[in-house]
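Let us read this model together, one feature at a time. Have the sequence and the 3D view ready.

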Amino acid sequence: MSRKTKKRNRRPGPPGPYALLPTLLMGLGAFSNLLQGETSNPWVGGLGLLAFNSLYISVVFRGFDRRRRESATSYALLAAMGAITFGLAIAYGGNWLLFFPLFSLACGTILRGRRLVICLIVLAGCACAVAVWRGDHVSEPWTIGYGTFISGGVTAAILTLSETVTELRATRQELARSAVEQERLRFSRDLHDLLGHTLSVVVVKSEAARRLAPHDIDAALGQVSDIESVGRQALTEIREAVTGYRQGSLATELDRAGPVLAAAGIEQAVHRSGPPPAARTDALLGWVAREAVTNAVRHSGATRCEFVLDSTSERVRLTVTDDGAGPGQLAGPAGGTGLKGLAERLTAAGGSLDSGPGPDGGFVVTAELPAEAPDGPGERDCG
């Protein structure tokens, strides 16, 4: 993208302190009085004008930094500015009364809430009173009071709105960053589950082909053919996981688990009760079944793997039990990565996942989900 295009597409940001500096031109009338010698004690008036402008710039710049705005120094500078404003207005009147709206504007950059409302009411009343007492005001006293009140109120409203916009932009950027992290987490989980299961199947089939090759070449070729099919299926699933639209199910995973477990010498048993789970829940349970099969094949040394699905109108529970050692006991800690990712995924969907040694030995994985599981963060469909 060219520099001109970037500049054209750049959104305007909130106002900065420099946007409030041109308002100092309201003091040109008082400065003109000094130059034309219409002000008594011009040195006092000149020093007052210089001090007011200096304090105004300092207060305005502090007002755009929340930490500095709420400090005691800012309130002290504002009080000094108020003393100079009243002194110049009472001493000289006329154009010098316009310092009341300028002081009110400075108050609007520092004060918020009830403090600002009380300050503006008192300041507007004092501006009217001083204008009436002096009698040489450049406009009607109520106009000076109204301008004093409006200057501070509008300034505070604009700055508060700009701060809110800035916070909303920061929040949107944080949400976008969080969404990217969630998507990366989703993909890493899917890739782990997909490749872990597929590679386990390839290893088991390869071992079976190696054992069968010296005695039954046809059976060995059948195992090699299965390896090819598993590889093609893995490529399809990885493409679907990348796009985020992989649609799996418990029944599909159980059907695929049968040949894999059989090739590893593990007997499969499936028991179902209750109505079939909803699509979202069924897909999550499919991931649990896949991971349980992967662990049974890779880690456990089991001879039997049993799947029990208990479903009601409110909750669905899947229990996978094998008579092996379980992940982490034969193959080291690597086996727990998939179960940890599944636990996070089920928790996000309002469910839970428990795994560990069974009371009668072996390893047990228990997944429980609502009958209608909601989409968790970072999950699209079931991938």
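Q: Is Trp96 buried or exposed?
A: Buried means under 20% relative accessible area, exposed over 50%, and partly exposed in between, with a 1.4 Å probe and protein chains only. Trp96 has a relative accessible area of 2%, so Trp96 is buried. One caution on the source: this is a predicted model, where local features need pLDDT of at least 70, side-chain atom pairs count only at pLDDT 80 or more, and totals for chains, interfaces and linings use all residues. Residues are numbered from 1 along each chain as its sequence is written, and side-chain values use heavy atoms, with hydrogens and water left out.

Q: How is a pair of aromatic rings described?
A: By the distance of the centres and the angle of the planes. Rings of Phe, Tyr and Trp (its six-membered ring) pair if their centres lie within 6.5 Å; planes under 30 degrees apart count as stacked, over 60 as edge-to-face and the rest as tilted. Take Trp96 and Phe99: their ring centres are 5.7 Å apart and their planes meet at 40°, so this pair is tilted. Phe99 is buried, with a relative accessible area of 1%. Trp96 and Phe99 also belong to one aromatic cluster with Phe52, Tyr56 and Tyr92.

Q: How many aromatic pairs does the whole structure hold?
A: The search finds six. Phe86 and Phe100 form an edge-to-face pair, at 5.2 Å centre to centre and 90° between the planes. This pair links distant parts of the chain: Phe86 is in helix α5 and Phe100 in helix α6, 14 residues apart. Helices (H or I, at least four residues) and strands (E, at least two) are DSSP runs, numbered from the N terminus. Phe86 is partly exposed at 26% relative accessible area, whereas Phe100 is buried at 0%.

Q: Which residues have the most contacts inside the largest nonpolar core?
A: A nonpolar core is a set of buried Ala, Val, Leu, Ile, Met, Phe, Trp, Tyr and Cys residues joined through side-chain atoms within 4.5 Å. The largest one here has 35 residues, and Tyr56, Leu78, Met81 and Trp96 have the most contacts inside it. Its largest share, eight residues, comes from α6. A second, separate core has 33 residues, including Leu285 and Val320.

Q: What does Leu78 touch?
A: Contact means heavy atoms within 4.5 Å. Leaving aside neighbours within four places in sequence, Leu78 is in contact with Val59, Phe103, Ala106, Cys107, Ile110 and Leu111.

Q: What is the order of the strands in the open sheet?
A: Strands of a sheet pair through backbone hydrogen bonds, either parallel or antiparallel. Two strands pair if DSSP finds at least two bridges between them. The five strands here have the order β1-β2-β3-β5-β4, with mixed pairing. The edge strands, β1 (267-273) and β4 (352-357), each pair on one side only.

Q: Which strands does helix α10 touch?
A: Helix α10 (residues 250-263) packs on the sheet, touching β1, β2 (304-311) and β3. Its direction makes about 160° with that of β1. Axes are lines fitted to C-alpha atoms, for helices over the stretch in contact, and angles run from 0 to 180 degrees between N-to-C directions.

Q: How do β2 and β3 run?
A: Antiparallel, joined by seven bridges. A hairpin of three residues connects β2 to β3. Val308 has Thr319 in β3 as its bridge partner.
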